[in-house]
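User: I'm new to this structure and would like a close look at one part of it. Could you walk me through the backbone spots that stand out, and then show me what lies around them?

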Amino acid sequence: MFKKFIENSRAKSPWIMHFDCGSCNGCDIEVLACLTPLYDVERFGVVNVGNPKHADVLLVTGTVNHRNAKVLRNIYDQMPDPKGVIAIGACGLSGGIFRECYNVLGGIDKVIPVDVYVPGCPAKPEAIIDGVVTALAKFEGLKG
Amino acid sequence: MKTIILIILGIVIAPVLGGLIAGLDRRVTARLQSRFGPPLLQPFYDVAKLFGKDKVVSNFWQVFCSWVYLIAAALSVGLLFAGSDLLLIFFVQAIGAVFLVMGGLSTPSPYSQVGSQRELIQVLTYEPLLILVFASIFMVTGSFRIDEILAYEQPLLIQLPLMFVVLGYALTIKLRKSPFDFSTSHHGHQELVKGMLTEFSGPYLGIIEIGHWYETIFILGICALFWHTSLVGCVLLIASTYFAELIIDNTMARMTWRWMLKYVWSIGLAMSFVNLIWLYAG
């Protein structure tokens, strides 16, 4: 019974951590807009934590380049399992308009495994919330 | 036998009550910010989720210190329910507070280190005030034992109104609420990430959270002593105190520890002395 409660709680309390690998700030503002009273994702138990050790879901915006790839990898490795990763915005998905640049690796999935892709330039807050909810399905899948 | 039952009752009920208060806290805070807010049981979901996460620790001390913190906090609440000695309870809860700091200091992370140093200063700030509150209760009732204090015929609030405000300062610091929130940076991640709790994760963070619920109940229990004669008055006093705490949390900006030390000690000690002189002269 206790185990079941823990498994149900996972979907009810996703703590997000937000990492910007060189985004234009457009997607970041939209991520933070989700936490404002207008969208108020805290009613679903979402808390923005600034610490990978406390986070369940990693929201990544912007293009990955040779410089920040190891930072992103490090943050991902510091998150205890079970965890989910959401790539946000055109840049996070594929590198966007910067994909041909000499320093850009491409999408987030070139560095860490991504569970959900949220498209848009910038991604709408509704789409981001939808992405987090979809990522929770991964935790649901862990029930086994 | 009765004492043991009361201790067990306290240890079992306190975290449930503390969690509910934490849930109510988040909900009322959300309403004050014109948001809807999470469900009432959100703190329980959070802690349950934390228990389901992987155990990632930097060293053995984190595990040990989080457990000692929980046990000390639970024991102080148990002793409070059992009507034990206030001084004994004070020392037991101080052990918990110090071990939490030790857990924070056991890792080399700068956030954790700075947060723990600040927590030590917070402990230094509220402990003298707490002991003054206990001493003033002793001056009125003539006993440190809670069961004898409960036998006192009129509410302590009549004779110790300023001491209650002093206890309110201790409560705000202990709850890590806004003007005094710098050891764990509850809402201000940009400053110290999570301060002292940065390096704790998964189940051990959950243990600390439960310990925190115990501490909330512990301080509110001490507040309840100030109007022990009627149950309605007691509940009213606790509810209004906690609501005032929420208003303060939502209207105050976070300050520095230097400000806290100067402000709380000067105002707190001044109020204590005024109250004690008044008590002695009157």
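Analyst: Let's start with B:Ser34, which is exposed, with a relative accessible area of 59% in this predicted model. B:Ser34 sits in the loop between α1 (2-32) and α2 (42-51) of chain B. Its phi is near 50°, a positive value in a residue other than glycine. That deserves a look because most residues other than glycine have a negative phi.

A:Asn25 is not a glycine either, yet its phi is positive, at about 85°. You will find A:Asn25 in the loop between β1 (15-20) and α2 (26-34) of chain A. A:Asn25 is partly exposed, with a relative accessible area of 40%.

Next come the peptide bonds, most of which are trans in general. Here, a cis bond joins A:Asp81 and A:Pro82, with omega about -10°, and A:Pro82 belongs to the loop between α3 (69-78) and β5 (84-88) of chain A. Another cis bond links A:Cys121 to A:Pro122, with omega about -5°; A:Pro122 is in the loop between β7 (116-118) and α5 (125-141) of chain A.

The largest nonpolar core has 95 residues, and A:Leu58, A:Leu72, A:Ile108 and B:Phe226 have the most contacts inside it. Helix α10 (residues 203-224) of chain B supplies the largest share of this core, 13 residues. Apart from it lies another core, of 19 residues, including A:Val31 and A:Ile88. As for B:Phe226, its contacts beyond four places in sequence include B:Val133, B:Pro155, B:Met163 and B:Leu237.

Methods:
Residues numbered from 1 in each chain as written. Chains lettered and ligands numbered in written order. Predicted model: local features only at pLDDT ≥ 70, side-chain atom pairs only at ≥ 80, totals over all residues. Heavy atoms only, no water. Core = buried A, V, L, I, M, F, W, Y, C linked by side-chain atoms within 4.5 Å. Buried < 20%, exposed > 50% of the residue type's maximum accessible area, 1.4 Å probe, protein only. Helix = DSSP H or I, 4+ residues; strand = E, 2+ residues; numbered from the N terminus. Contact = heavy atoms within 4.5 Å.
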